[in-house]
Amino acid sequence: MKPAVVYSNVWEDPELNRLSLKVEPGQSVLSITSGGCNSLCLLLEEPEKLISIDLNPAQLAMLELKRAAIIELDYDDFIEVLGVPFFRKPSAKPAEYRLELYERIKKHMPAYATDFWNENKQIIKDGVMMCGKVEKFFAFYRTVLKWLYGEKEILKLFEAKDLQEQQEVYRNFRKKKWNALHRILLNRTVLSLVKGAHSFAQVDFEDFAGNLNRKRTLGLTRFYNPDNYFMSLMLLGAHYHEKGMSPYLLRENYPKLKKNIGALEIYKGTIGDVLKKDGPGSYDRFNLSNIFEWMTNEQFNDIIREVIELARPGARMAWRYTLARPRELDAENLSRLEYEPELSDKLFKQDRAFIYESFHVYHLK
Ligand SMILES: C[S@@+](CC[C@H](N)C(=O)[O-])C[C@H]1O[C@@H](n2cnc3c(N)ncnc32)[C@H](O)[C@@H]1O
């Protein structure tokens, strides 16, 4: 099967990585790629080196495209070539312009990535930012939601003057049809068909819809929607305004991103492969995304052992779960790692990506 992009965006709050990992200038960071956004956000923290790893070459091709654009283009063309969507502000440029930009940047990409994008030029014309399977699933979800409520009603969730007014709008929102949609679409059977049953092997409960209804309520009552790009991308398919974007997309951060892009290594492989390649004691910080979601305790602990071997003194690491119960460290790993419960809990409560079940911060003892 040809590789396909599953996540064109990272649906994880980069602020949680920034505030948990506390990258110091000159350090080496290992980061799971997904859509590449959070690896690029960590580059803004001035590491000497950042290795962004993934097993799916399409995810790596996505990050290669973003990197090539950062090297070659000015800010406006960077936003253009990615097709970054803004609510009710479509690009003034024709779709062909994105292909022209791709022709300009592809000299900075390795062959596997240009092979991928040469075969997928239509995606570049459409805008790569919303091309992943997850983003397409959200597009379908949005279409049904709009059909159930009408756009005007959904938009009310974005038009409040402040968070307090938004909470009031949400309280009065007729949620019956929304809850029913979750019951039909977001249950173990349907989600297992979409993502494979193994993805949910470590989820203990059956009421997926109830869980996601609760998280939706948190998302819509804790954060002001116009500023929360996770909510606007999910419900409107676009950023509500130019300030409400991932840090790597912000105009003011672009010079820093350009300056630091040379520190980025894009690598296909696992943490074990990085250990073989770079040797023990090579990394200070680890963004582990939610790679443990479906793993058994044994698989989890084996990877943590590799992380510990790769880690330098004082190393910090973070991971999360979407629906699954947290895996447990075995005695050997527990003797090497110190949990930071207060920071984990505090950061979890400020997670604008709101769909997650837990967030975990550790450091090497
Ligand atoms: C774990 S998924 C989660 C995505 C994420 N929650 C998001 O919102 O973008 C992120 C990426 O990790 C990659 N991945 C999963 N397990 C991995 C592993 N053991 N080593 C390297 N990459 C892995 C997947 O291919 C995927 O692109």
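The ligand and its pocket

Modeller: Helix H8 gives the most to the lining of the largest pocket, with five residues. Helices (H or I, at least four residues) and strands (E, at least two) are DSSP runs, numbered from the N terminus. The model is a predicted one, in which local features need pLDDT of at least 70 and side-chain atom pairs count only at pLDDT 80 or more, while totals for chains, interfaces and linings use all residues. Residues are numbered from 1 along each chain as its sequence is written, and side-chain values use heavy atoms, with hydrogens and water left out.

H8 covers residues 133-149, and among the other elements that each supply at least two residues of this lining are strand E2 (49-54), helix H11 (176-185), helix H12 (188-195) and helix H17 (297-310). A pocket is an open set of points on a 1 Å grid over the protein atoms alone, with protein on both sides within 12 Å along at least five of seven lines; lining residues have an atom within 4 Å of a point. The lining of the largest pocket comprises 49 residues, and those nearest its centre are Val 6, Tyr 7, Val 134, Lys 195 and Asn 290. By class, 29 of the lining residues are nonpolar, twelve polar and eight charged. Here Ala, Val, Leu, Ile, Met, Phe, Trp, Tyr, Cys and Pro count as nonpolar, Asp, Glu, Lys and Arg as charged, and the others, Gly among them, as polar. The volume of the largest pocket is about 1,800 Å³, where a volume is the space filled by probe spheres set on grid points joined across faces, edges and corners.

The ligand sits in this largest pocket (more than half of its atoms lie within 2 Å of the grid points). Around the ligand are 17 residues, the closest being Trp 11, Glu 12, Ser 34, Asp 54 and Asn 290; to be near, a residue needs a heavy atom within 4 Å. This shell has seven nonpolar, eight polar and two charged residues.

Trp 11 has a backbone N or O atom 2.8 Å from an oxygen atom of the ligand. Glu 12 has a polar side-chain atom 2.8 Å from a nitrogen atom of the ligand. Asn 290 likewise places a polar side-chain atom 3.0 Å from a ligand nitrogen atom. On its own the ligand has 580 Å² of accessible area, and the protein covers 87% of that (Shrake-Rupley method, 1.4 Å probe).

A cavity is a set of grid points where a 1.4 Å probe fits but cannot get out, and the whole structure has two cavities of 30 Å³ or more. Trp 11 is in the lining of the largest cavity, as are Asn 9, Val 10 and Cys 37, among others. That cavity has a volume of about 50 Å³, and helix H14 (residues 229-235) supplies the largest share of its lining, three residues.

Glu 12 lines the second largest cavity, together with residues including Ser 34, Asn 38 and Ser 289. The volume there is about 30 Å³. Its lining has two nonpolar residues, six polar and one charged.

Definitions and conventions. A polar contact is a pair of N or O atoms within 3.5 Å; within protein, one must be able to donate a hydrogen and the other to accept it, and residues adjacent in sequence count only if both atoms are side-chain atoms.
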